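User: I should like to learn how to read the features of a protein model. Could you guide me through this one?

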Amino acid sequence: MKLVLFGPPGSGKGTQASLMKERMNIAHISTGDLFRKNIKEGTELGVLAKSYIEKGQLVPDEVTINMLKDRLSQGDCKNGYILDGFPRNLNQAVALEGITEIDRAILIDQKYDVIIPRLAGRRVCKACGDTTNIKWPEYTPICPKCNIPYVQRDDDKEEVIKARLADYEKQTTPLIDFYKKRDQLSVVNASTEIEETYKQVEEALGKYKSTKSVFSK
Ligand code: AMP
């Protein structure tokens with residue numbers, strides 16, 4: 001299975017992608033995580049990416065596409081993969097078609113008035129990548145695994161969130177028509193319950209598979 005997961009920042013697509021990786025045994029490739037890893041390691045790519053990410057802007061396509069190509073050539077992608085956060089615009093979607101044929105694109109949709117407070121409250125552990133939220137009843141300021149404080153991502157500051165959403169609206173929403181025209185689109189309306197959303201993802205993939213087998217008869 002080669003899947004694309006897209007949706008507004010904060011819709012929960014990263015969480016769904018992690019669950020899919022665990023339960024479907026396929027690689028989870030998040031271009032955002034790849035950039036953050038490069039930033040942490042202080043690579044040339046990281047320094048360049050940081051200047052865009054902290055303003056809530058997209059990293060230039062050429063850089064992003066090359067990074068993705070490189071990642072897809074690694075062994076763990078053989079069983080299939082979920083692309084989380086790529087493509088993010090039409091140019092990247094066309095480039096992806098030149099690299100591989102995907103099976104399905106799933107839009108994890110969510111209303112902006114749910115997303116903004118959710119992202120603004122998100123905190124991450126810089127060591128293990130775990131995320132939590134100051135609004136959750138179980139929130140603790142210290143990561144229980146690494147024993148260090150959770151921090152706010154620079155791009156989760158409110159003014160940056162607004163820039164990211166504007167960017168999503170302008171650059172990423174055209175992917176809806178792009179994948180619709182190719183009959184590859186499934187839409188999941190993200191519920192606040194993670195498992196409920198996951199069920200919808202499974203249903204979308206189940207429907208797709210049964211349609212495929214009908215067509216292949
Ligand atoms: P994410 O963790 O997916 O929200 O990504 C964090 C940031 O990384 C985004 O706001 C962009 O600046 C950058 N980024 C991630 N994926 C892409 C992409 N496909 N194209 C360009 N920039 C990206």
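User: What is the mean pLDDT of the chain?

Analyst: The term pLDDT denotes the predictor's confidence in each residue, from 0 to 100. Here the chain has a mean pLDDT of 91, with 96% of its residues at 70 or more. This is a predicted model, in which local features need pLDDT of at least 70 and side-chain atom pairs count only at pLDDT 80 or more, while totals for chains, interfaces and linings use all residues. Residues are numbered from 1 along each chain as its sequence is written, and side-chain values use heavy atoms, without hydrogens and water.

User: Where is confidence lowest in the chain?

Analyst: Where pLDDT is low, the predicted coordinates should not be read in detail. Confidence is lowest in helix H9 (residues 194–216), at a mean of 77. Helices (H or I, at least four residues) and strands (E, at least two) are DSSP runs, numbered from the N terminus.

User: In what order do the five strands form the sheet?

Analyst: Strands of a sheet pair through backbone hydrogen bonds, either parallel or antiparallel. Two strands count as paired if DSSP finds at least two bridges between them. The open sheet has the order S2-S3-S1-S4-S7, with parallel pairing. Strands S2 (27–30) and S7 (185–189) each have a single partner strand, so one side of each lacks a neighbour in the sheet. Four bridges link S2 with S3 (residues 81–84), and Ile29 stands opposite Leu83 in S3.

User: How many disulfides does the structure hold?

Analyst: A disulfide is a covalent bond between the sulfur atoms of two cysteines; the criterion is a pair of cysteine sulfur atoms within 2.5 Å. The structure holds zero disulfides. For Cys125, the nearest cysteine sulfur, that of Cys143, is 3.7 Å away.
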